[in-house]
Amino acid sequence: GSMLGVMGGGQLGRMFVHAAQRLGYSTAVLDPDADSPAGRVSHLHVRTGYLDEGGLAELAEACAAITTEFENVPAAALTRLAARRFVAPGAAAVAIAQDRAQEKAHFARCGVPCAPHAVIASRDQLDAVPDELLPGILKTARLGYDGKGQARVATRAELVQAWEAMQGVPCVLEKLLPLAFECSVVVARGADGAMVHLPVQRNLHRAGILAVTEVGEGVLPAAIAAQAIEGTRAIAQGLGYVGVLCVEFFVLQDGTLVVNEMAPRPHNSGHWSIDGADLSQFDLQVRTLAGLPLVAPRQHSHAVMLNLLGDLWFAGGAERTPPWERVLALPGASLHLYGKPQARPGRKMGHLTLVAESARGARTTALEACAALGIQAF
Ligand code: ATP
Ligand code: MG
Ligand code: MG
């Protein structure tokens, strides 16, 4: 009973595996990909589809408890595993997070406001969309990430065109909101209902992909941070959630806080916690899964995280290895590379965390790292 399992073999699974192994657990990963970031560092790698009966049986047989890192793991797979083993988060919570329409309904039930929106699953619903929702963003209800499956639409004609381009799959049209900035909160909730959270993270997205996260003094107003934490706790509580959950928020230009979406797993914006806090989001995931005590993580350093996208490998034309020695020479820099076999533009290949005793210090070093790597300054 000392093996922990994870559905999905991406970088989030890899960092879960590292945290689990540090506590002496062995690990199992289920991922169809023969060479996945988590699979290659795990004791057991089950290489079947997520719904494969044999693969699920092998995982359940080997593990005391199973979690997920892959946002789109079929809820049915979690239900099947849960018949045999402790699974967290549960299939019901994951299913809600996988569907933007259900997710927004859940936010409303919890009293946390989200963007004005309409569900569009039919021609009639398309025609009935109120004018106030334009200009807006049409998002597929399912399977979108890193801004994929989204289209900005200014007019009704563009909306119709975009919906048709999405093959008429169920979508949500959201009003385009005037953002001041974005933030997120990572919360961990145990089977006993105890909750702890990481400090509120300020996030900068570029082209729909997270680029920079900053955590520390002065990165956002205290009143907004308190509201974001309260909203996140209400959302986790309302789901009866067990595990690590991340909730993304918009802060509008008038200071209003609006919830964007949630991820039923550790989140890219929480990666700084490996280097900047005494318990990382992956440590929290292990603890919720293994039924170990949850204590509040303490941020011991100001931190800036820079995502390292595959584009860096192609700067200047020919494929190259980015000049890591230049960032490794910076004080407080921690380089995390995920071991993905092939760099591709837009692909998350790793991240770099810069920690310092002051927010200004972390920011200064992060800007030096940007200059060294050719990442746009922030
Ligand atoms: P993730 O990779 O975080 O799961 P996603 O593909 O699910 O991303 P969203 O979080 O819905 O996409 O949107 C991506 C980004 O687009 C947001 O972080 C924000 O910058 C912008 N955005 C999304 N919806 C709106 C909106 N209603 N108004 C203004 N900007 C928005
Ligand atoms: Mg998303
Ligand atoms: Mg998002």
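Student: Which strands each supply at least two residues of the shell around ligand 1?

Tutor: This is a predicted model. By class, the shell around ligand 1 has six nonpolar, four polar and eight charged residues. The strands that each supply at least two residues of this shell are E7 (136-140), E9 (171-175), E10 (179-189), E14 and E15.

Student: How much of the accessible area of ligand 1 does the protein cover?

Tutor: Oxygen atoms of ligand 1 lie 2.8 Å from an N or O atom in the side chain of Arg100 and 2.6 Å from one in the side chain of Lys139. A polar side-chain atom of Glu261 is 2.9 Å from an oxygen atom of the ligand. Of the 620 Å² that ligand 1 has on its own, the protein covers 92%.

Student: Which residue coordinates both the magnesium ion (ligand 3) and the magnesium ion (ligand 2)?

Tutor: The magnesium ion (ligand 3) is coordinated by OE atoms of Glu248 and Glu261, at 2.0 to 2.7 Å. Glu248 lies in strand E14 and Glu261 in strand E15, so the pair ties together parts that are 13 residues apart in sequence. The two ions are 3.8 Å apart, and the residue that coordinates both is Glu261.

Student: Is Glu71 buried or exposed?

Tutor: Glu71 is found in the loop between strand E4 (65-68) and helix H3 (75-82). Its relative accessibility is 17%, and the limit for a buried residue is under 20%. Glu71 therefore counts as buried.

Student: With which side chain does the side chain of Glu71 make a polar contact?

Tutor: Beyond its neighbours within four places in sequence, Glu71 is in contact with residues including Val94, Gln98 and Met262. The polar contact, at 2.5 Å, is with the side chain of Arg265.

Conventions. Residues are numbered from 1 along each chain as its sequence is written. Chains are lettered from A and ligands numbered from 1 in the order in which they are written. This is a predicted model: local features need pLDDT of at least 70, side-chain atom pairs count only at pLDDT 80 or more; totals for chains, interfaces and linings use all residues. Side-chain values use heavy atoms; hydrogens and water are left out. Helices (H or I, at least four residues) and strands (E, at least two) are DSSP runs, numbered from the N terminus. Buried means under 20% relative accessible area, exposed over 50%, partly exposed in between (1.4 Å probe, protein chains only). A polar contact is a pair of N or O atoms within 3.5 Å; within protein, one must be able to donate a hydrogen and the other to accept it, and residues adjacent in sequence count only if both atoms are side-chain atoms. Contact means heavy atoms within 4.5 Å. Donors are N, O and S atoms within 2.8 Å of the metal (3.2 Å for Na, K and Ca); water is not among the atoms, so sites may look incomplete. Accessible areas come from the Shrake-Rupley method with a 1.4 Å probe; for residues, only the protein chains shown count as cover. Ala, Val, Leu, Ile, Met, Phe, Trp, Tyr, Cys and Pro count as nonpolar, Asp, Glu, Lys and Arg as charged, and the others, Gly among them, as polar.
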